[in-house]
Amino acid sequence: MVHHRYATVEGHRLFYREAGSAGMPAIVLLHGFPTSSFMFRNLIPRLEGYRVIAPDHLGFGLSDAPSADEFGYSFDALADLTAGLLDQLGVTRYAIVVQDYGAPIGWRLAIRNPDAVVAVISQNGNGYDEGFVADNWQAVWNYQREQSPENAAALRAALTLEGIRFQYVTGVEDESILSPDTWHLDHAFVSRPGNAEVQLKLFLDYATNPPLYPALHQWLRSRQVPVLATWGKYDPYFGPDGARAFARDTANAEIHLFEGGHFLLESAGDEVAALIREFLAKHLPTA
């Protein structure tokens, strides 16, 4: 059974989905932009035998969304809140499932506490320079160089309903298998007053993530961390070279490329869930 809960961390109310019990091996699911833990709604029930925790990051989904003036949005800050939530829940060792923004949050958790993260499942969660699809990152890079009104306007297009839909449908051959609920829900959340400025802050702070990659790679190499990369190879933002690169740093990497896009769970959820269960059975067995 999946429970829907709230916790207060550093004065902020965070929503999270939870299944399983405290005695089970733990898995932490970290969502990406511009969605929420809703993206894991179909995966969580398939992870029987595990304690599954899937938070909404601050500013996303059903968690608090203070304005950019009220809170210093950064990936460091989001990782701090995630760590605080896990501390409250008594979770000290866990596997992570990361997608998009969830990856730099997960990498920070692993780098800060190398013993805590015992396995990585990355669904289009980038950790290598070659994973970036340059054409679709250019607007972000332009804004990072200069926060001009023109560069901000180009990024605000990603917050429109059509811009969010683009992330879901690109690379999916049969769009009819996708539920439009997903992009309509995401759009509703990012359209809350002041949330556009929150997202611009995070676009700007994304520049802090590639400099962390060497530390991530060293962690993978030194500990030979098991990694499962399930990747939509037509993702317009993170290409399949980002998935293949994990094999450079750990001999325990499994790479699976799918005919799909950025949100692979929406188009190949059954296949991805089966791979995750097989991977966890080897590297994080249940009692």
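Strand 1 (residues 2-9) and strand 2 (residues 12-19) pair in the antiparallel sense over eight bridges, where pairing requires at least two DSSP bridges. The model is predicted, with local features needing pLDDT of at least 70 and side-chain atom pairs pLDDT 80 or more, while totals for chains, interfaces and linings use all residues. Residues are numbered from 1 along each chain as its sequence is written, and side-chain values use heavy atoms, without hydrogens and water.

**Hairpin**
- Two residues separate strand 1 and strand 2 in a hairpin, and Glu-10 in the turn has a positive phi of about 50°.
- His-3 stands opposite Glu-18 in strand 2.

**Helix packing**
- Helix 4 (residues 149-156) packs against helix 7 (residues 195-205) at an angle of about 105°, with the axes 11 Å apart.
- Helix 4 is therefore roughly perpendicular to helix 7 (65 to 115 degrees).
- Ala-152, Leu-155 and Arg-156 of helix 4 meet Ala-196, Glu-197, Leu-200 and Phe-203 of helix 7 (contact: heavy atoms within 4.5 Å).

**Aromatic pairs**
- The structure holds 21 aromatic pairs (ring centres within 6.5 Å; planes under 30 degrees apart are stacked, over 60 edge-to-face, the rest tilted).
- Phe-75 and Tyr-206 form an edge-to-face pair, 5.6 Å centre to centre with 90° between the planes.
- Phe-75 lies in helix 1 (residues 75-89) and Tyr-206 in the loop between helix 7 and helix 8 (213-223), 131 residues apart.
- Both Phe-75 and Tyr-206 are buried (under 20% relative accessible area, 1.4 Å probe, protein chains only).
- The ring centres of Trp-137 and Phe-238 are 5.5 Å apart with planes at 50°, so this pair is tilted.
- Trp-137 and Phe-238 are both buried.

Notes: Axes fitted to C-alpha atoms, helices over the stretch in contact; angles between N-to-C directions. Helix = DSSP H or I, 4+ residues; strand = E, 2+ residues; numbered from the N terminus. Parallel < 35°, antiparallel > 145°, perpendicular 65-115°, else oblique. Phe/Tyr/Trp six-rings, centres within 6.5 Å; stacked < 30°, edge-to-face > 60°. Buried < 20%, exposed > 50% of the residue type's maximum accessible area, 1.4 Å probe, protein only.
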